[in-house]
Amino acid sequence: MSFANDAKLEVLKENIENDCCSIAFLSAILKCCGELSISSNHQIKVEIFTEIPELFDKIKNVIEQYYGKECKMTMMENTNISRSSRYKISLPADITDQLLKDLGIMSINEEGMLTIENGISDFIIMDDCCKRSYVKGAFVACATSNIVIKNYNNDRGSGYHLEFVFNFEKIAEDFVNLLKNFDIQAKITIRKNTPIVYIKEYQLICDTLALVGANKAVLDLQNEAAIRELRNNVNRQNNCLNANLNKTVNASVKQLNAIKNIQENIGLESLNENLMELALLRLANPEASLEELKKLCTEPLTKSGINHRFSKIIEISDKITKDKFKITTL
């Protein structure tokens, strides 16, 4: 089960308190995962498609409570790529016209013709509780997420992403404005001619989950974020340590090469006492850091002082190499 589906199941466990909220919730469900069609006897047919069978009980209760009718759910043939089961919820045909009007999906225009409302009808979301219920319905119906809990070895480097897939740009625009009522800033993009409302900021995703009542999902996401941050900090520290180690090793190799070059050509005894002592210490301790070499010196020195002396040794070695090159070319 995915993170988004777990959150949806958590939302469906919460009771809808008010009549207006039930209507707002059902309106969002139909707008986001419902389909309208005309039957052979010219009657409008309403069907809801979902991968969450638990949604049926929620819809069934609303239809029975307000219309005294029964819904029917059937499992569809598995033809989708994800191979997850899909379900079709059929609403009673004899209440379709009234239901669509009540849900703000269908209205009568000035000419007396029935028209489909592609956005969110204002009377459906008049109160804050109704606005929240509409967001809950949209979340259950069409929300998806890339969030994977306890997948700390994921190397894709993807952040947090929550999106709502709509059928019309108008409802996507209205939904973005609806979220603004709760200080949640979302954006719209078009993917394969389909409008997508998406939220990428971690805190805004947490706010959205809290808004729809998915409190356990919020805690899971916060825990996931904390562990990811800890792992990132450890990785950064390890990278820094490795970089410093490589720097130390490279410097040591360069120093050893210079010392051996001097030893083979003019001898270490040609160096002054201080430089010769440091050269011998490096030969005896090829992997030692400057801090470790500092403790081995007979006189007190800083790391900067040791580094300066090594620079003098490398400078002498470079001069020897240049002089040899001049002799060879002559």
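Predicted model: local features only at pLDDT ≥ 70, side-chain atom pairs only at ≥ 80, totals over all residues.
Colleague: Happy with that. Why is the pair of F164 and F166 called stacked?

Modeller: Rings of Phe, Tyr and Trp (its six-membered ring) pair if their centres lie within 6.5 Å; planes under 30 degrees apart count as stacked, over 60 as edge-to-face and the rest as tilted. The centres of F164 and F166 are 6.5 Å apart and the planes meet at 15 degrees, so this pair is stacked.

Colleague: And what makes the pair of F166 and F175 tilted?

Modeller: The angle between those planes is 55 degrees, with 5.1 Å from centre to centre. F166 and F175 belong to one aromatic cluster with F139 and F164, and the structure holds 5 aromatic pairs.

Colleague: What makes E64 and K60 a salt bridge?

Modeller: The term asks for a side-chain nitrogen of Lys or Arg within 4 Å of a carboxyl oxygen of Asp or Glu. In E64 and K60 the closest N and O atoms are 3.5 Å apart, so the pair qualifies. E64 and K60 are 4 residues apart in helix 3 (residues 55-67), which means a separation of about one helical turn. Helices (H or I, at least four residues) and strands (E, at least two) are DSSP runs, numbered from the N terminus.

Colleague: How do you know whether D174 is buried or exposed?

Modeller: Buried means under 20% relative accessible area, exposed over 50%, partly exposed in between (1.4 Å probe, protein chains only). D174 has 16%, so it counts as buried.

Colleague: What makes D183 stand out in its backbone?

Modeller: Most residues other than glycine have a negative phi. D183 has a positive phi, near 60 degrees, and sits in the loop between helix 6 (169-180) and strand 9 (187-191). With a relative accessible area of 61%, D183 is exposed.

Colleague: Where is N193, and what is its phi?

Modeller: N193 is in the loop between strand 9 and strand 10 (194-199). Its phi is positive, about 65 degrees, although N193 is not a glycine. At 76% relative accessibility, N193 counts as exposed.

Colleague: Last one: what makes the largest pocket a pocket, and what lines it?

Modeller: On a 1 Å grid over the protein atoms alone, a pocket is an open set of points with protein on both sides within 12 Å along at least five of seven lines, where a cavity is a set in which a 1.4 Å probe fits but cannot get out; lining residues have an atom within 4 Å of a point. The largest pocket has a volume of about 600 Å³, that is, the space filled by probe spheres set on the points, which are joined across faces, edges and corners. Of its 26 lining residues, the closest to the centre are K8, E51, A141, C142 and T144. Helix 1 gives the most to this lining, with 4 residues.

How values were computed:
Residues numbered from 1 in each chain as written. Heavy atoms only, no water.
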